[in-house]
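Let's work through a few exercises together. Keep the model open beside you and try each task before reading its solution.

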Amino acid sequence: MSGQLRDQQFALTRHLRDPLHAPAPAALEARRVQIYRDLLFNNLQALLGSSFPVLLQLLEKEEWDAVCRRYFIEHRCASPLFTEVAAEFVEWLQLQDALPRPFLAELAHYEWVELALQSRDAHPLRACGTDVDPWQSRLQRSPLAWPLAYHWPVQQIGVAFQPTTAPPEPTFLLARRVADGRIVFSQLSPLAWQLLTQLEAAPPRSGATHLRQLADDHGLDPVALEAPGRALLAQLLASGVIGPAARPAGG
């Protein structure tokens, strides 16, 4: 590729991304450039709009156009897959200092979770019988059950509720894909969120060991924590959120 052609291509792509600040190459017909410019930006907007319908409802058209244009100008997508474009958009939002709504980045992540879980290539944990005691068994978390923590009450945000100040307490949620493919969100207590996060971060251990660690970490009485801990583990096991860990190879 000649240096001149390469320079023209870069000039064209800069213009397609940022037509207000990067002029199109002089040799190109303005009408054709306009077609490409509109096609690329409109396709990006349509893709993001279908991935983030709540964001699209909340923002005025000018606000949505401005956010999409900034993303188009500043970000270089690493993948053409629509699920990964949405994920990269969420990551980009999390890096922005100023957005039209202060909760926008977390709300986008909350919307993306549903898309990501729907398309995730993973299998639920095997069904457990009554012989499995989560207090004694080494446990793992289902790859289709994600504990989430947000500063904003993202599950409540909509056109009629757009808070301007984050509440003092964080919001803990569980997102999971159930047997019929639906994505279900439920509220978690801080203890349940900590337990599910801990299950992912540590090697498989028994429920009793996990609860003892939680008691140590938070200065709680392990004896007083046992009864609610057993009830929580039984509930998580029955719903397929946790299950017995696979035995080590050769074990």
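**Exercise 1. Find the handedness of the crossing between α7 and α9, then describe the packing of the two helices.**

Step 1. Helices (H or I, at least four residues) and strands (E, at least two) are DSSP runs, numbered from the N terminus.

Step 2. Two packed helices are described by the angle between their axes and the distance between the axes. For α7 and α9 (residues 222-238), the angle is about 65 degrees and the axes are 11 Å apart. Axes are lines fitted to C-alpha atoms, for helices over the stretch in contact, and angles run from 0 to 180 degrees between N-to-C directions.

Step 3. Now look for the contact (heavy atoms within 4.5 Å). From α7 come L191, A192, L195 and L196, and from α9 come L225, L232, L233 and L236.

Step 4. Sorted by class, this contact has eight nonpolar, no polar and no charged residues. Ala, Val, Leu, Ile, Met, Phe, Trp, Tyr, Cys and Pro count as nonpolar, Asp, Glu, Lys and Arg as charged, and the others, Gly among them, as polar.

A note on the model: it is predicted, so local features need pLDDT of at least 70 and side-chain atom pairs count only at 80 or more, while totals for chains, interfaces and linings use all residues. Residues are numbered from 1 along each chain as its sequence is written, and side-chain values use heavy atoms, leaving out hydrogens and water.

**Exercise 2. Work out the strand order of the open sheet, and explain why β2 and β4 each have a side without a neighbour.**

Step 1. The three strands are ordered β2-β3-β4, with antiparallel pairing. Two strands pair if DSSP finds at least two bridges between them.

Step 2. β2 (145-150) and β4 (183-187) are at the edges with a single partner strand each, so one side of each lacks a neighbour in the sheet.

Step 3. On average, neighbouring strands of this sheet are turned by 25 degrees against each other, direction ignored.

Step 4. Strand β3 (residues 171-177) pairs with β4 over five bridges. L173 has Q187 in β4 as its bridge partner.

**Exercise 3. Identify the strands that α6 and α7 lie across.**

Step 1. Helix α6 (residues 104-119) lies across β2, β3 and β4, at about 175 degrees to β2.

Step 2. Helix α7 (residues 190-201) lies across β2 and β3, at about 125 degrees to β2.

Note on methods:
Left-handed = near helix turned anticlockwise from the far one by under 90°.
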